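Hi,

Here's the structure I promised to pass on.

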Amino acid sequence: MNQTKILLVDDQPISLLYLKKTLSRLADMDITTCNDAKEALNLFPHEQWDLIVADYQMPGMNGLDFVRRFRQIQGSEETPILMVTASTDPNVKYQLLDLGIVDFLQKPADASEIIARARNLISLHKATVSLKNHNQELKKGVQEMTKVLAEREQESLIVLARAAESRDPQTGSHLLRMASYSKIIALALGLSEDEAEEIYLAAPMHDVGKIGIPDRILLKNGKLTSDEWLEMKRHTNYGYDILRSSATPILKLGGVIALNHHEAWNGSGYPNGKKGHEIPLCARIVAVADVFDALMSPRPYKEAWSLDEALNELTNISGVRLDSECVTAFMQSIDSVKQIMTNYVDV
């Protein structure tokens with residue numbers, strides 16, 4: 001098994017020592033340290049990294065300039081970067097997000113949080129690389145290998161989605177259920193088998209942007225403040241930013257779903273207040289599947305609803321929050337819905 005390669009960039013020797021000692025607790029790590037951002041850039045033509053952890057405030061070249069220069073290097077687009085910063089300026093965070101950074105550590109960083117964030121980003125990166133490799137194999141593969149490779153691609157997509165969802169222990173089999181609900185809605189609406197399968201594969205990535213939401217908000221056991229709720233809603237944009245530049249059509253579709261699955265039929269949703277058919281059909285389909293499974297699942301703040309209660313609620317918000325045609329297609333497929341509920345029970 002190849003070791004996971006991590007690069008640490010920080011001008012403070014004690015910070016480098018702390019980060020290296022902390023991340024060494026993960027298995028099979030090959031960790032390189034560098035105390036100068038300019039020198040770190042010289043390493044990239046010779047090495048490929050699974051994760052870069054960089055400090056924001058460094059002399060000569062700060063973390064923002066370092067990432068900007070790094071992203072100009074061919075082959076750097078998919079390398080995950082974990083930025084360590086003491087800055088609370090939201091403009092800094094937005095600039096970093098524009099450069100493809102989706103996770104941050106606020107100083108002083110706790111060792112457990114460092115390990116959790118690093119593990120998630122590495123898992124997400126390796127799943128993406130795996131998916132890319134599968135697609136390259138598909139182009140070269142012969143006819144008898146197509147089915148096997150397609151199954152591996154599907155598995156990689158599920159791993160990719162689960163890497164983000166792993167921060168939320170309440171999800172259970174949510175991804176498999178809502179993806180399956182989405183497929184039966186698509187088929188009931190008259191979409192082709194291929195189109196429905198694409199939505200099935202992309203649907204689990206609807207909340208991948210939650211990887212950019214701080215744990216203090218995502219895992220808060222209580223009502224969010226207005227500022228926290230504003231930040232939580234940004235997971236739609238974060239998910240789109242993560243997936244939109246992919247060369248893989250399924251991931252691009254996942255980005256469209258991530259951005260639009262909280263838009264509402266009457267225009268009251270977010271992030272852009274789209275309404276009616278302005279909302280992409282794939283997102284309208286996933287919204288019905290996601291809402292239904294959320295109603296049927298227990299959460300720290302509520303009990304699971306009964307099937308009748310959940311179906312009544314779908315009827316109540318049909319034409320308001322949800323596309324009535326998608327709701328009708330779901331209702332017409334209730335036998336398939338019940339079978340999916342039986343196949344994917346939370347344990």
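Let's start with T85, which counts as buried because its relative accessibility is 5% (buried means under 20% relative accessible area, exposed over 50%, partly exposed in between, with a 1.4 Å probe and protein chains only). T85 sits in strand β4, residues 81-85. Leaving out residues up to four places away in sequence, T85 touches Y56, L105, Q106 and K107, where contact means heavy atoms within 4.5 Å.

Before you go further: this is a predicted model, so local features need pLDDT of at least 70 and side-chain atom pairs count only at pLDDT 80 or more, while totals for chains, interfaces and linings use all residues. Numbering runs from 1 along each chain as its sequence is written, and side-chain values use heavy atoms, with hydrogens and water left out.

Now the whole protein. There are 16 helices and five strands; these are DSSP runs numbered from the N terminus, helices being H or I with at least four residues and strands E with at least two. Of the 347 residues, 50% count as buried. Looking at contacts between residues at least 6 apart in sequence, 63% join residues at least 24 apart. The accessible surface is about 17100 Å², and carbon and sulfur atoms hold 50% of that (Shrake-Rupley method, 1.4 Å probe; for residues, only the protein chains shown count as cover).

Last, helix α1, residues 13-23: L16, L19, T22 and L23 are its buried residues. They lie on the same side of α1 because they cover an arc of only 135° around the axis, taken from the directions from the helix axis to the C-beta atoms. On the other side of α1, P13, I14, L17 and K21 are exposed.

Cheers
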